[in-house]
Amino acid sequence: MSFHSISGRVSYISGGTKTGVIELESGGAFLIDCGLDKRNAERIMSELRREGLHPLAAAITHGHADHSRGCSFLKEETNLEIIASREESVFIEHPRLEPRYLFAGARPPKELRIKSLEAIGCPVDHKLELKEDALQIFDERIEAVPLIGHTPGQLGFACGEVFFSGDSFFTPKTLNRHPLPFFLDVTRALETFAKIEDRTERYFVPSHGQIVKAEDLSRVLEENRRRIDDVSDILIRILQKPRLTSKLGGKVCQELSIEINNLHEAVVNRTALMAFLSHLKEKGIIKAEPSSEGIVWRGVD
Ligand SMILES: [Zn+2]
């Protein structure tokens with residue numbers, strides 16, 4: 001982990017998930033995301049100390065454990081204020097809901113109650129409404145921007161020339177690693193891409209992967225759109241013949257060369273697939289029919 005300056009008083013600390021750092025006029029620091037665990041939190045603290053910065057607040061883009069699990073450690077150590085959208089606060093304060101919803105709402109087996117899926121509950125001090133677009137935090141103009149799609153209440157944060165985009169879109173490298181991208185709401189994710197493309201910042205900072213400069217943004221967003229189109233096309237082709245969700249999932253994994261090695265991957269993958277099915281159904285391209293074996297999907301003639 002190390003400290004990287006981006007522009008003006010906006011920097012980030014590298015790691016599995018980046019932590020954004022905005023130096024406030026007052027000398028304190030405003031953080032964006034807190035990483036996965038205690039080790040991350042300790043490294044964030046040591047990097048901040050080295051820069052002479054004391055964290056006053058941390059905004060969490062969304063409730064996934066790799067962004068929010070470090071919160072409780074930082075809060076314990078510094079009593080910083082935690083900020084998140086009202087929707088994501090539910091998961092940050094009650095992290096057991098994450099493996100539970102991935103397991104269709106039922107009590108999740110212990111294999112799903114793992115660090116990468118279940119954070120440690122942390123109270124959120126400021127719950128932002130998603131419609132609240134620009135907010136003044138401390139003495140800086142830091143804008144909170146709803147970025148729905150990857151999760152229901154994700155927020156991006158803009159300051160000066162820098163836009164922290166969370167997991168709203170993925171870099172080409174991440175897309176290659178995860179051929180079935182995790183967007184809980186594909187329709188809204190596409191709207192979010194358009195919203196990001198209209199922004200005027202110079203640097204776009206995804207939580208994972210390299211920073212995207214403004215001149216490269218359209219190309220990266222286009223790759224995300226293309227991936228959504230490719231997955232949709234595969235589903236439409238497969239559904240020329242009616243299939244149960246599980247059979248469809250198997251075919252999609254085959255076509256995208258996805259290997260499923262554990263329960264965690266199985267439920268995450270299924271959830272991503274359900275989001276695509278919901279998207280195509282909303283568009284009237286496929287339909288869902290009940291059967292005693294589960295949902296049968298088929299293309300609309
Ligand atoms: Zn995420």
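The model is predicted, and local features were taken at pLDDT of at least 70, side-chain atom pairs at pLDDT 80 or more, and totals for chains, interfaces and linings from all residues. Residues are numbered from 1 along each chain as its sequence is written, and side-chain values use heavy atoms, with hydrogens and water left out.

Helices (H or I, at least four residues) and strands (E, at least two) are DSSP runs numbered from the N terminus. Two strands are taken to pair if DSSP finds at least two bridges between them. Strands of a sheet pair through backbone hydrogen bonds, either parallel or antiparallel.

An open sheet is built from 7 strands in the order E1-E2-E3-E4-E5-E6-E7, with mixed pairing. Strand E1 (3–7) and strand E7 (126–128) are at its edges and have a single partner strand each, so one side of each is without a neighbour in the sheet. On average, neighbouring strands of this sheet are turned by 25° against each other, direction ignored. Axes are lines fitted to C-alpha atoms, for helices over the stretch in contact, and angles run from 0 to 180 degrees between N-to-C directions.

Within this sheet, strand E6 (residues 81–85) runs parallel to E5, to which it is joined by 3 bridges. E6 also pairs with E7 in the parallel sense, again over 3 bridges. Ile83 of E6 is the bridge partner of Ala59, and Ile83 also stands opposite His126 in E7. Ala84 stands opposite Lys127 in E7. E6 is mostly covered, with 4 of its 5 residues buried; buried denotes under 20% relative accessible area, exposed over 50%, and partly exposed the range in between (1.4 Å probe, protein chains only).

Helix H3 (residues 71–78) lies across strand E4 (28–32), strand E5 (54–59) and E6, and runs at about 150° to E6. Helix H4 (residues 86–93) packs on the sheet, where it touches E6 and E7, and its direction makes about 125° with that of E6. Contact here means heavy atoms within 4.5 Å.

Strand E10 (residues 155–159) has 5 of its 5 residues buried. Both of its faces are covered: Leu155, Phe157 and Cys159 lie on one side, and Gly156 and Ala158 on the other.

Aromatic pairs were assigned to rings of Phe, Tyr and Trp (its six-membered ring) with centres within 6.5 Å; planes under 30 degrees apart count as stacked, over 60 as edge-to-face and the rest as tilted. The count comes to 5 aromatic pairs. One of them, between Phe163 and Phe204, is tilted, at 5.8 Å centre to centre and 45° between the planes. Phe163 belongs to strand E11 (residues 162–166) and Phe204 to strand E12 (residues 203–206), so the pair ties together parts that are 41 residues apart in sequence. Phe163 and Phe204 are both buried. Phe170, Phe183 and Phe193 form one aromatic cluster.

A nonpolar core is a set of buried Ala, Val, Leu, Ile, Met, Phe, Trp, Tyr and Cys residues joined through side-chain atoms within 4.5 Å. The largest such core has 42 residues, of which Phe169, Leu180, Ile196, Leu235, Leu248 and Leu277 touch the most other members. Two or more residues each are given to this core by helix H7 (186–197), helix H8 (214–238), helix H9 (245–256) and helix H10 (263–282). H8 supplies the largest share, 8 residues.

Another open sheet consists of 3 strands in the order E14-E16-E15, with antiparallel pairing. Strand E14 (243–244) and strand E15 (286–291) are at the edges with a single partner strand each, so one side of each lacks a neighbour in the sheet. E14 is joined to strand E16 (residues 294–299) by 2 bridges, and Arg243 has Trp297 in E16 as its bridge partner. H10 lies across E15 and E16 and runs at about 115° to E15.
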